[in-house]
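Dear colleague,

Please find below the structure that I am handing over to you, together with its sequence. My findings follow it, grouped by topic.

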Amino acid sequence: MATNSIPGSVVALLQQRRSAIRSYKPPVGNSRREDPVTGETISLVPSANVVFFGPVGSGKSSLIGSLFRAVNATPTFPERVDRVLHHQPLDMPNSDEHGTLKWIETRLNDAGTIVLQDTRGDQTFDGREETIHVQSLKGYFRDDLSIDRHSMFTSYWWSQRFFWQRSLAVIPHAIVFVFDGSLEPFLAGESLPFFKRVFEDCTNLGYEPIVVVTCLDLMFANAKTKGVNVDVEKRNRVDLILAEFDHLNLKLSDVHFVTNFHQKRGSPLWTSDDEGFEQATKQFVDLAMELTKLCNRFIRRKAESRQWLCTVS
């Protein structure tokens with residue numbers, strides 16, 4: 001049995017939160033409106049959509065799988081997440097055989113009212129990419145444009161699925177940036193300028209992005225090897241994050257540290273018998289609750305201001 005069980009009162013709260021997430025319904029979900037791009041009449045907000053951004057290998061897919069495991073009290077990842085992590089063909093729409101190169105969605109609950117949206121990881125940001133990004137963000141690239149002509153992120157994400165004249169039903173409602181906390185030096189990858197720009201654009205569009213730092217277990221191991229206090233290591237990483245995004249209203253409470261549940265082909269590597277499992281499970285359930293709150297605030301703000309479309313001038 002686990003050697004570090006959590007108090008009964010916390011277990012009860014955990015179950016309450018799991019139940020709330022499983023039965024979640026987004027606000028103003030019963031209204032219906034025409035999507036200006038497709039012309040289809042759709043529910044105003046049938047699901048809360050959460051997008052995960054971050055460098056390749058930062059732990060986005062594992063984080064999605066871990067949230068799914070924790071909320072649904074299941075020992076395995078969703079099949080599509082498991083296949084992405086092990087480079088197996090997905091045989092699903094909007095997917096690719098080599099990791100996450102396109103839009104891949106995972107339902108967090110059986111009702112499908114919370115959708116976690118995985119993204120491609122590697123992305124540089126040179127002058128050409130920045131030009132295309134700005135044009136895409138303003139809607140210069142339409143839905144029928146061949147995405148092969150441009151960056152996967154810019155033409156596909158920003159104009160087709162993200163911000164260009166899309167209804168409140170289909171755009172993301174919460175944004176999560178994921179970084180590997182075990183990397184040395186931390187936040188030093190060539191893709192960081194791209195993600196900083198995405199973070200700024202999301203903030204300007206009314207989002208409240210949060211940052212999740214993964215590989216807390218490896219941070220502990222590295223700190224022990226170096227003979228330093230892991231809390232100091234965590235604080236150093238928080239300071240770096242806040243410094244990089246200092247002009248974008250990111251707060252200390254917006255930075256979360258987790259250890260993802262890892263999994264090899266078909267079998268979990270972290271189970272209820274492992275030390276730290278229950279505390280990690282609580283962390284993921286709490287994070288899932290926080291994501292629903294972020295989604296609710298964004299949806300309500302847009303609905304109350306009659307901003308049915310998410311656009312940039």
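**Cysteines**

Cys 295 counts as buried, because its relative accessibility is 1%, below the 20% limit used for that class. Please bear in mind throughout that this is a predicted model. Cys 202 is likewise classed as buried, since its relative accessibility is 0%. The number of disulfides in the structure is zero. A further cysteine, Cys 215, is buried because its relative accessible area is 15%. Cys 215 sits in the loop between strand E8 (210-214) and helix H7 (216-226). Its backbone deserves a look as well: phi of Cys 215 is near 65 degrees, a positive value in a residue that is not glycine.

**The sheet**

In which order do the six strands of the open sheet lie? The order is E4-E5-E3-E7-E8-E9, and the pairing is mixed. E4 and strand E9 (255-257) are at the edges with a single partner strand each, so one side of each has no neighbour in the sheet. From one strand to the next, the twist averages 25 degrees.

Strand E5 (residues 114-118) is mostly covered, with five of its five residues buried. In a regular strand, side chains alternate between the two faces of the sheet. In E5, Ile 114, Leu 116 and Asp 118 point one way, while Val 115 and Gln 117 point the other way, and all are buried.

E5 can be followed to its partners on either hand. Strand E3 (residues 48-53) runs parallel to E5 and is joined to it by four bridges; within this pairing, Asn 49 has Val 115 as its bridge partner in E5. With strand E4 (residues 104-107), E5 pairs in the antiparallel sense, again over four bridges. Here Glu 105 has Gln 117 as its bridge partner in E5. Six residues lie between the strands in the hairpin of E4 and E5, where Gly 112 takes a positive phi near 70 degrees.

E3 also runs parallel to E7, to which four bridges join it. Val 51 has Ile 175 as its bridge partner in E7.

**Helices against the sheet**

Helix H8 (residues 230-244) packs on the sheet and touches E8 and E9, its direction making about 150 degrees with that of E9. H2 lies across E3, E4, E5, E7 and E8, and runs at about 160 degrees to E5.

Ser 62 has its place in helix H2 (residues 60-72). Is Ser 62 buried or exposed? Ser 62 counts as buried because its relative accessibility is 13%. Leaving aside residues up to four places away in sequence, Ser 62 touches Phe 77, Leu 85, Asn 260 and Phe 261.

**Aromatic rings and charges**

There are six aromatic pairs in the structure. One of them is formed by Phe 177 and Phe 199, with 5.0 Å centre to centre and 45 degrees between the planes, which makes it a tilted pair. This pair links distant parts of the chain, since Phe 177 belongs to strand E7 (residues 174-180) and Phe 199 to helix H6 (residues 192-204), 22 residues apart. Both Phe 177 and Phe 199 are buried. These two rings also belong to a cluster, in which ring pairs link Phe 53, Phe 177, Phe 199 and Phe 245.

Charged side chains are found over two other rings. Arg 69 lies over the face of Phe 261, at 4.7 Å from the ring centre. Phe 261 is also one of the contacts of Ser 62. Lys 234 lies over the face of Phe 257, at 5.2 Å from the ring centre.

**The loop between E7 and H6**

Two backbone features fall in this loop. Pro 185 is found there, and the peptide bond from Glu 184 to Pro 185 is cis, with omega near -5 degrees. Leu 187 lies in the loop between E7 and H6 too. Leu 187 is buried, because its relative accessible area is 13%.

With kind regards

Terms used: Residues numbered from 1 in each chain as written. Predicted model: local features only at pLDDT ≥ 70, side-chain atom pairs only at ≥ 80, totals over all residues. Heavy atoms only, no water. Phe/Tyr/Trp six-rings, centres within 6.5 Å; stacked < 30°, edge-to-face > 60°. Buried < 20%, exposed > 50% of the residue type's maximum accessible area, 1.4 Å probe, protein only. Lys NZ or Arg CZ within 6 Å of the ring centre and 35° of its normal. Contact = heavy atoms within 4.5 Å. Pairing = 2+ DSSP bridges. Disulfide = S-S within 2.5 Å. Axes fitted to C-alpha atoms, helices over the stretch in contact; angles between N-to-C directions.
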